[in-house]
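Colleague: Hi! Could you walk me through the helices in this one?
Modeller: Happy to, here it is.
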Amino acid sequence: MFVSRQTNPLLRKRLLTASAAFALAALPPLFAFADDPVAFDQMVETGGWLCEEAPAKECIDHGWAYADRNGDDQLDRKELEALRSDMNAWADWRSDSLSGKDRTKLSIARSIANSLELDDLIQGYDEDDSGTITRDELLADIKVDQRPLPEILADKQATDWQAIGERLGPFGSLVGSLGAP
Ligand SMILES: [Ca+2]
């Protein structure tokens, strides 16, 4: 079986990356391979060290490359649906191997992701009314610098969680709690 029941630091990093990917793409986890926990897991695993150590841009590029399935450098509704679908499949697959605290965070992330109306979400970010989300539009509330993404997301001067929450709708205010220690 694929599921390991051991909890280890890698899983924590994976969860962090999954949250970041989700935060970035749905906000935030993408389909020819919808419902593919293995592809998502590989994305999360590779991204774990990258996102912890490298400048945020490299982490964002990594998640973006996964989410932008057709490679047009924009996220459309189908791609967001596929991202959500993969994240759910991955969460089912991984849930048993996470600690109670991490499982709770994952559960919150899933609740938010699954409550999102994707058309409303796109509208919330789509400044130029193209019907899709560009990288600049997605990062409107995050000031990216040379630090790793988790540090930027934890810095209230750099990340406007209130603005992000407003874009995400009714459950948006919960999003900030995902990054809490
Ligand atoms: Ca695309």
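Modeller: Before we start on lengths: the expected span of a helix is 1.5 Å times one less than its number of residues. Keep in mind too that this is a predicted model.
Colleague: Okay, what span should the twelve residues of α3 have at 1.5 Å a residue?
Modeller: They should span 16 Å, and the end C-alpha atoms of α3 are 16 Å apart, so the two agree.
Colleague: And which residues of α3 are buried?
Modeller: Ala56, Cys59, Ile60, His62, Gly63, Tyr66 and Ala67. They cover an arc of only 160° around the axis, so they sit on the same side of α3.
Colleague: Why does Ile60 count as buried?
Modeller: Ile60 has 22 C-beta neighbours inside 10 Å, and the cut-off for buried is 20 or more.
Colleague: What separates the C-alpha atoms of Ile60 and Pro148?
Modeller: A distance of 9.9 Å, although the two residues are 88 apart along the chain.
Colleague: Switching to α5, how does its span work out?
Modeller: Helix α5 covers residues 100–115, and its 16 residues should span 22 Å; the end C-alpha atoms are 22 Å apart, which agrees.
Colleague: Which of its residues are buried?
Modeller: In α5 the buried ones are Leu106, Ala109, Ile112 and Ala113. Seen down the axis of α5, they fall within an arc of 125°, so they line one face of the helix.
Colleague: What does the face turned away from that buried side carry?
Modeller: That face of α5 has the exposed residues Gly100, Thr104, Ser111 and Asn114.
Colleague: Now the packing. At what angle do α4 and α5 pack?
Modeller: About 150°, with their axes 11 Å apart. That makes α4 roughly antiparallel to α5, since angles over 145 degrees count that way.
Colleague: Is their crossing left-handed or right-handed?
Modeller: The crossing of α4 and α5 is left-handed.
Colleague: Which residues meet there?
Modeller: From α4 there are Arg84, Met87, Asn88 and Ala91, and they meet Leu106, Arg110 and Ala113 of α5. Leu106 and Ala113 are also among the buried residues of α5.
Colleague: Nice. And how do α4 and α6 pack?
Modeller: Helix α4 (residues 77–94) and helix α6 (residues 118–125) pack at about 120°, with their axes 10 Å apart. The two are therefore oblique to each other, and their crossing is right-handed.

Key
Residues numbered from 1 in each chain as written. Predicted model: local features only at pLDDT ≥ 70, side-chain atom pairs only at ≥ 80, totals over all residues. Helix = DSSP H or I, 4+ residues; strand = E, 2+ residues; numbered from the N terminus. Buried ≥ 20, exposed ≤ 12 C-beta atoms within 10 Å, placed from the backbone. Arc of directions from axis to C-beta. Axes fitted to C-alpha atoms, helices over the stretch in contact; angles between N-to-C directions. Parallel < 35°, antiparallel > 145°, perpendicular 65-115°, else oblique. Left-handed = near helix turned anticlockwise from the far one by under 90°. Contact = placed C-beta atoms within 7 Å.
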